[in-house]
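Dear colleague,

Please find the structure below, handed over for your attention.

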Amino acid sequence: MRLINRHPGKHGARLLAVVPFIALIVLYLTASAVRHAANPMDKLLPTLSQMASAVNLMAFTQDMATGDYLMLTDTLSSLQRLIEGLVISIGISFVIGIAVGMLPYLRKLCVPFIAAFSMVPPLAILPILFIIAGIGETAKVTLIVIGTAPFMIRDLIMRVEEMPKAQLIKAQTLGASSWQMALRVVVPQMLPRLIDSLRLSLGPAWIYLISAEAIAAQDGLGYRIFLVRRYFAMDVIIPYVIWITLLAFIFDVSLRLTQRYAFPWFAGAKSQ
Amino acid sequence: MSSIEIKDIWQIYDSRVVLEKISLNIEQGSFVSIVGPSGCGKTTLLRMLMSEEFCTRGSILLDGIPLPAEPTLERGVVFQRYSVFPHLTVLGNVLLPMELKASRWLGKLLGPKRYNAKEEARAMLEHVGLRHAADFYPAQLSGGMQQRLALAQALMAKPRVLLLDEPFSALDPGTRADIHVLTKRLWEETKMTIVMVTHDISEAFRLGTRVIVLERPTPDDPTKGARITHDIPVRPRAKDKKGAA
Ligand SMILES: Nc1ncnc2c1ncn2[C@@H]1O[C@H](COP(=O)(O)OP(=O)(O)OP(=O)(O)O)[C@@H](O)[C@H]1O
Ligand SMILES: [Mg+2]
């Protein structure tokens, strides 16, 4: 049989999916064991037990100075920034995306500007943000918004423009005004697409969050990683990275599930 | 009296003449089939009738008044595809025209009004044989069911003219025969004028009261657009005899 027609069975598929993860873990543990055999003080590749005790210290022990559980406070502040930024970004891009996608005058007015604005590297204007907004929360949230909104706006404008023209003609022949069309035809069909757009924006949002925290913050996951870097504390950094990855993964899965259950028509309509 | 008057229209795209000197009077309540070779401009003509496209020269009048520059309630459409809204259920699709009419800002009916509208929508679905599928989404329907839904939805807006662009060409012969019967019944029940573009000559004659053939005289010559080469009366509208008297 041709290679493209060979499929793994159900168990085979599951096994294949975990292979790379197991391979990575085995590779790491071996390398770590080898390094520790040569030098018991090695900091570069900490052993599992070293990481466990670091996690215990960060996540399950009260900090002596503040009485907080550091990993918890870090996670909460980071999530707050991330969610604030994304919510603002979604709000802005949904309104602008749909209005611009639907109205030719706005399209002529905004599309070139948005295209130019989205070329500005967000990290390059971070210093400007710090100067204008100070190094508080506003600058970090703004960075996430600037980093993600232009993409989402452009994506939505394209999705609106990509709607079959026949649908909008049809809506007009059924007597819909522009506003009614937005409300009953365009918005409901854009909501699931917004979720797709948001899923793609999560990666960049984390990048900007961690960058902003690395540069100026008192807490947060990114702040902590860059802080302990000074002490080569790989035993803290690695669990933090895994934790961030896990959080991002949970976000992604819950968005996907939301899309599936809140918009049951979407999968079928997309495949048509 | 004539419902649609097409007066000497031309359509020219980048110096390629697509339609040339088309003049046509379509009587109120007639069923006009338009046939012709692929690319001769049938869809273009229909798009002008729905104000999606505008003629280079000439004019189109609806009951003596020039067509508005955008699609309106009195001209319903059914396309070959994408005619219904994928995010609304079958019932929701049929309900939509009533909701748009009744609720200017929300575009949505609530409470007892919604209940009544739903009853009306269900009656329409019953009429086109889709009552059992009321809660399905369009993607879950067969092609024939989707087109029946599109007809039902268009009719809910009570258009005076219904424009059909190859509405049944994606259907298999059996389904097509069923939907022909339905279309004919719906047309007879309403006082609608129907203009249908089709590739299927037998369909054109079976449904139409009049068949118009569009053709380019010399297909390769871009300066000679398609004209009406035949205008064949098929049969008068059954009810018209009484109405005209
Ligand atoms: N917007 C446009 N710009 C330029 N040319 C166009 C445009 N719309 C249609 N045409 C041209 O006009 C001609 C007629 O197109 P039209 O779609 O009306 O044909 P048709 O008779 O409906 O064909 P078919 O039976 O294949 O659907 C084609 O040659 C097409 O290329
Ligand atoms: Mg066509």
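A charge is taken to sit over a ring if NZ of Lys or CZ of Arg is within 6 Å of the ring centre and within 35 degrees of the ring normal. In this model, which is predicted, Arg57(B) lies over the face of Trp10(B), at 4.5 Å from the ring centre.

Aromatic pairs

Over all chains, the structure holds 3 aromatic pairs. One of them is formed by Trp265(A) and Phe266(A), whose rings are edge-to-face, with 5.5 Å centre to centre and 90° between the planes. Both Trp265(A) and Phe266(A) are buried.

Another pair is made by Phe31(B) and Trp187(B), and this one is also edge-to-face: the distance is 5.5 Å centre to centre, and the angle between the planes is 75°. This pair links distant parts of the chain, since Phe31(B) belongs to strand 3 (residues 31-35) of chain B and Trp187(B) to helix 5 of chain B, 156 residues apart. Phe31(B) has 0% relative accessibility and therefore counts as buried. Trp187(B) has a relative accessible area of 2%, so Trp187(B) is buried.

Two helices of chain B

Helix 4 (residues 143-156) of chain B and helix 5 (residues 173-189) of chain B pack with their axes 10 Å apart, at an angle of about 10°. Because angles under 35 degrees count as roughly parallel, helix 4 of chain B and helix 5 of chain B are roughly parallel to each other. On the side of helix 4 of chain B, the contact is made by Gly144(B), Gln147(B), Arg148(B), Leu151(B) and Leu155(B). Helix 5 of chain B contributes Thr175(B), Ile179(B), Leu182(B), Thr183(B) and Leu186(B). The residues of this contact comprise 5 nonpolar, 4 polar and 1 charged.

A residue of chain A

In chain A, Ile195(A) lies in helix 8 (residues 178-215). The relative accessible area of Ile195(A) is 10%, so Ile195(A) is buried. Leaving aside residues up to four places away in sequence, Ile195(A) touches Leu255(A), Thr258(A), Gln259(A) and Phe263(A). Ile195(A) and Ala23(A) are 172 residues apart along the chain, and a distance of 33 Å separates their C-alpha atoms.

With kind regards

Definitions and conventions
Residues are numbered from 1 along each chain as its sequence is written. Chains are lettered from A and ligands numbered from 1 in the order in which they are written. This is a predicted model: local features need pLDDT of at least 70, side-chain atom pairs count only at pLDDT 80 or more; totals for chains, interfaces and linings use all residues. Side-chain values use heavy atoms; hydrogens and water are left out. Axes are lines fitted to C-alpha atoms, for helices over the stretch in contact, and angles run from 0 to 180 degrees between N-to-C directions. Helices (H or I, at least four residues) and strands (E, at least two) are DSSP runs, numbered from the N terminus. Angles under 35 degrees count as roughly parallel, over 145 as roughly antiparallel, 65 to 115 as roughly perpendicular and the rest as oblique. Contact means heavy atoms within 4.5 Å. Ala, Val, Leu, Ile, Met, Phe, Trp, Tyr, Cys and Pro count as nonpolar, Asp, Glu, Lys and Arg as charged, and the others, Gly among them, as polar. Rings of Phe, Tyr and Trp (its six-membered ring) pair if their centres lie within 6.5 Å; planes under 30 degrees apart count as stacked, over 60 as edge-to-face and the rest as tilted. Buried means under 20% relative accessible area, exposed over 50%, partly exposed in between (1.4 Å probe, protein chains only).
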